[in-house]
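This report looks at a ligand site and at an annotated domain.

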Amino acid sequence: MKFYSTNDKKNIVDFETAVMEGLAKDGGLFMPVEIPSLQKEIIDSIENFDFGEIAFRITKNFAGEEIGESDLSDIIREAINFPAPLVNLKDDLMILELFHGPTLAFKDFGARFMAKTMGYFVKKKESTLNILVATSGDTGSAVAYGFYETPGINVYILYPKGKVSLIQEKQLTTLDKNITALEIDGTFDDCQRLVKNAFVDEELNSKLNLTSANSINIARLLPQSFYYFEAYKQIREKSIHSVFSVPSGNLGNLTAGLIAKKMGLPITKFIGAVNSNHVFADFVNSGIFKPHPSVQTLSNAMDVGNPSNLARIRELYGDSLSDIQRDIHSKSYDDAQTRRGIREVYEKYGYIIDPHGAVGYMAVRDYETVSAAAKFNKVILETAHPAKFKDVIEDELGIEVEVPERLAACLNKQKKSVRLSSDYEELKEFLLGAV
Ligand SMILES: *Cc1c(COP(=O)(O)O)cnc(C)c1O
């Protein structure tokens, strides 16, 4: 499979280049030249395929010319080594739990797959690879854990000082070895800008072998399509329509779902559920895209004012707003509504949902009342474990949230970070000195 840049359709590369470069040299995002459909037989008898097998079949269509079957199957087995269970709240309302990985967020899927894939490609080369990642919370820790102790790869994680939770920060800053946490005096958008500047800086790139690892990397995106199939497999009543609500920020997760649909997965509608950072909802509802500085919310991994993956969504739909609106509904919910979602899910169903999932829940609940459809399956993607947002949930529900062992372990470790301003020259100087 070949991949093109969203900035230039003639800029075509192979899978390895797309993965190792992350962002195209012209600043665009890589997209597959075509989206291969998964054989209808697989979708029709999906119950017979385990998660790893589904993931393997999908990946083979995109990377099979460059990675042999046995290496590919090793990559999948090592990367996707935890489940994605669908939990029924009631008959037609389900939660897809995507938090069973090492850092308790859905980003583990993409980050682990990308790490194993890059590790595979880097083995063939002599030089050291340096990865730069901007994170608004969960990306960084998922990437850090995914790449931890990978030979030949160093990871630099930029996160906005004071704008990630204590637990998120501990996950980012306690690994050490090949992982360095850069604490930036600024917002997530500043972190993203710094990373983008670094990639277009010719001097820096001539000295360092640099690549990205956030949700713009195609190897982060592809594996996120796996669990949509895995979710569909677990839906009991497949004869009625299915609507998936995706708590969204940088839109990687939603884009992966739209790609799964293009592969042939029968999902009728996607809901792009956003918090007070409503740029995407405005775009879907009006066609006008107007980035704005991000504002801080309870669902902080969705605090994105200029979502990168919108470029991919526009590509997928040939920039036709009516086609986008046919497949995607989007609405914004503020923190008060998010809290209400947390409370309602607990009171009605006894389920503890995190603030991101709560935004997804509110959107589904609203959509149900506006949609003319009779009964339909509603799947909410639960993108993080509630224990990562313990304080808000305990405050809202007055109960104690248990912290899973794998999370508790890092809380006792010492934070280690490098503090930098949001001035690009400072980052550049640090990188040149560090590597
Ligand atoms: C990253 C993240 C999101 C947003 O996902 P995007 O792919 O950036 O839209 C939602 N919830 C959690 C917990 C996240 O970590």
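The notes below cover the model, the ligand site and the domain.

## Model

This is a predicted model, in which local features need pLDDT of at least 70, side-chain atom pairs count only at pLDDT 80 or more, and totals for chains, interfaces and linings use all residues. Residues are numbered from 1 along each chain as its sequence is written, and side-chain values use heavy atoms, leaving out hydrogens and water.

## Ligand site

Around the ligand are 15 residues, of which Lys107, Gly249, Leu251, Asn253 and Thr383 come nearest (a residue counts if one of its heavy atoms lies within 4 Å). This shell consists of six nonpolar, seven polar and two charged residues, with Gly counted as polar.

Polar contacts are pairs of N or O atoms within 3.5 Å. A side-chain N or O atom of Lys107 is 2.5 Å from a ligand oxygen atom. The protein buries 98% of the 380 Å² that the ligand exposes when taken alone (Shrake-Rupley method, 1.4 Å probe).

## Annotated domain

An unreviewed UniProt entry annotates residues 2-79 as "domain: Threonine synthase N-terminal"; such annotations may be inferred rather than shown by experiment. The span is 46% helix and 15% strand, and its end C-alpha atoms lie 23 Å apart (DSSP runs: helices H or I, at least four residues; strands E, at least two).

Methods. A polar contact is a pair of N or O atoms within 3.5 Å; within protein, one must be able to donate a hydrogen and the other to accept it, and residues adjacent in sequence count only if both atoms are side-chain atoms.
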